[in-house]
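Thanks for coming. Please have a look at it before I start.

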Amino acid sequence: METRIALIGIIVENMDSVDRLNGLLHEYGRYIIGRMGIPYRERKVNIISVAVDAPQDVISALSGSIGRLRGISAKTVYSNVKSGVSLSSD
């Protein structure tokens, strides 16, 4: 299955939703290339970037699920690079 490389930018304004966010990231962990979190204490938010390599529908599902969490915003940027990498569906 063809995959795409994407970056999901996440801003966490409600710390009560962090456990659910981490659960989603764990659930989609096999697609995650890497992630970086930056606590912005002065503004009481956390900024997270998650790099993924996954089929388009998987990226959309993850980003949409994150964006529906209360107090969390997510936007996705896609690379023009497509790969023919086959990821197992364990």
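Accessible areas here come from the Shrake-Rupley method with a 1.4 Å probe, and for residues only the protein chains shown count as cover. On that basis the protein has an accessible surface of about 5800 Å², and 52% of it belongs to carbon and sulfur atoms.

A word on the source. This is a predicted model, where local features need pLDDT of at least 70, side-chain atom pairs count only at pLDDT 80 or more, and totals for chains, interfaces and linings use all residues. Residues are numbered from 1 along each chain as its sequence is written, and side-chain values use heavy atoms, with hydrogens and water left out.

Next, the fold. There are two helices and four strands, in the order β-α-β-β-α-β along the sequence. Helices (H or I, at least four residues) and strands (E, at least two) are DSSP runs, numbered from the N terminus.

Now the helix pair. Helix 1, residues 18–27, packs against helix 2, residues 56–67, at an angle of about 175°, and their axes are 10 Å apart. Axes are lines fitted to C-alpha atoms, for helices over the stretch in contact, and angles run from 0 to 180 degrees between N-to-C directions. Helix 1 is therefore roughly antiparallel to helix 2, a label for angles over 145 degrees.

Which residues meet there? L21, L24 and L25 of helix 1 meet L62, S65 and I66 of helix 2, where contact means heavy atoms within 4.5 Å.

Across the whole protein, of the contacts with a separation of 6 or more, 72% come from residues 24 or more positions apart.

Technical notes: Parallel < 35°, antiparallel > 145°, perpendicular 65-115°, else oblique.
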